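Here are my notes for you, in the order I'd go through them. Keep the structure open and look up each residue as it comes along.

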Amino acid sequence: MRWRGRPCIPAGIRACPIRSAVIDQVIDVLLLILLVITAIAVVRIKSLFAVVMLFGIYSLITAGIFVVLDAVDVAFTEAAVGAGITTVLMLTTLARTGHKQAPARHSPALPLTVVIITGAVLFWGTQDMPRFADPGAPIHLHVADRYIEAGPEEVGVPNMVTAVLASYRGFDTLGEVAVVFTAGVGVLALLGVRRRRKGDGDG
Amino acid sequence: MVLLGQFNYWVVFFLMMTGFYVVIARGNLVAKIVGLNIFQTSVFLLYISMGKVAGGTAPIVLADGALYSNPLPHVLILTAIVVGVATTALGLALVVRIKEAYGTIEEDEIHAKDDSL
């Protein structure tokens, strides 16, 4: 097949599989285990600085899992925004509020009970879910095929995620911009205006 | 990919509950926001796991007859990540503001100060 006059490499993906499915599974499981270890460390470690850095690691491991699960666009967004910007924002907050965390005063029994019950219900809920990577799962049977088959030709972008994001669901992305704008205005209202008032008082 | 069964979903729910536990058991507001983010990231993982197709590849045009993973969850989660960082920024700004008004970001101490007014 040719895309805009240039041949696509490789010529046939079924004829020459790029990756082994077994290796994919092993990497997926290993990264998920690392993720669980990081999450447990976040619960147990007291220093807030360590907690924030562990969250950065957690986001980066998640980005790695996204690559294994074929979501490359999501992976680099998560690595840049989740592991990068969010961690920097949290560190900036820590610089203003301090790294000390007061020892827990309440018994962990009640939250633990709530969490275990909720987790058990969710675990029970997975019984009805389709198996992982099942091509016949309901999520793959509706509009996805239409986007995959017609998307690149209708929009003219080889990346289907970009095609859906910027064209088919363009209004959704416009709404996202509105949300980010509102959040920016909110942050400025909380921090920017107050600083100016303090400056007036000093002068 | 069939061997894996529902392992991904179980891990996702474990991580979700870990984040939930941090939100309700920790008194420190920054730790609560980290917990919320862990919860949120596990939801991203749930969606992306559902979009995977056995033997598929990333949804970027390759060749006729190539099998792609489902691009729709990817689009939804791209939007969610950006909205997530916006809400996190707003939450952290609130934390900084609370620190300046109360002198602490520990939930118990904030309640104690409110009660003493």
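1. Start where the chains meet: the count between chain B and chain A is two salt bridges. One that you can look up joins the side chains of K52(B) and D70(A), with 2.8 Å from N to O. Bear in mind that you're looking at a predicted model.

2. Which helices of chain B supply at least two residues each to the side that touches chain A? They're helix 1 (7-25), helix 2 (29-51), helix 3 (71-102) and helix 4 (107-116). Helix 3 of chain B gives the largest share of that side, with 25 residues.

3. Now for the interface totals. On the chain B side, 86 residues are in contact with 95 residues of chain A. About 8500 Å² of area is buried between the two chains, and carbon and sulfur atoms give 75% of it. As for polar contacts, the rule finds 14 residue pairs across the interface of chain B and chain A, both residues being at pLDDT 80 or more.

4. Have a look at P59(B), which sits in the loop between helix 2 and helix 3 of chain B. Is P59(B) buried or exposed? P59(B) counts as buried because its relative accessible area is 1%, and the cut-off for buried is under 20%.

5. What is P59(B) in contact with, once you leave aside its neighbours within four places in sequence? From chain A, the list has D70(A), P158(A), N159(A), M160(A) and V161(A). From its own chain, the list has Y68(B), S69(B), P71(B) and H74(B). Notice that D70(A) is also the salt-bridge partner of K52(B). As for H74(B), it's 15 residues from P59(B) in sequence, and their C-alpha atoms are 9.5 Å apart in space.

6. Next, chain A as a whole. Chain A has seven helices and two strands, and along the sequence they follow the pattern β-β-α-α-α-α-α-α-α. Of the 203 residues in chain A, 36% are buried. Take the contacts in chain A between residues at least 6 apart in sequence: 53% of them join residues at least 24 apart. The accessible surface of chain A is about 11900 Å², with 70% belonging to carbon and sulfur atoms.

7. Last, a spot on the surface. V22(A), V26(A) and L30(A) make a nonpolar surface patch of about 280 Å². V22(A) lies in helix 1 (residues 21-44) of chain A. Why does V22(A) count as exposed? Its relative accessibility is 57%, and exposed means over 50%.

Technical notes: Residues numbered from 1 in each chain as written. Chains lettered and ligands numbered in written order. Heavy atoms only, no water. Patch = residues over 30% accessible without salt bridge, like charges linked within 9 Å, V, L, I, M, F, W, Y side chains within 5 Å. Areas by Shrake-Rupley, 256 points an atom, 1.4 Å probe, with all protein chains shown as cover. Salt bridge = Lys/Arg side-chain N within 4 Å of Asp/Glu carboxyl O. Helix = DSSP H or I, 4+ residues; strand = E, 2+ residues; numbered from the N terminus. Buried < 20%, exposed > 50% of the residue type's maximum accessible area, 1.4 Å probe, protein only. Contact = heavy atoms within 4.5 Å. Buried area = accessible area lost by both parts, 1.4 Å probe. Polar contact = N/O pair within 3.5 Å; in protein donor to acceptor, adjacent residues only side chain to side chain.
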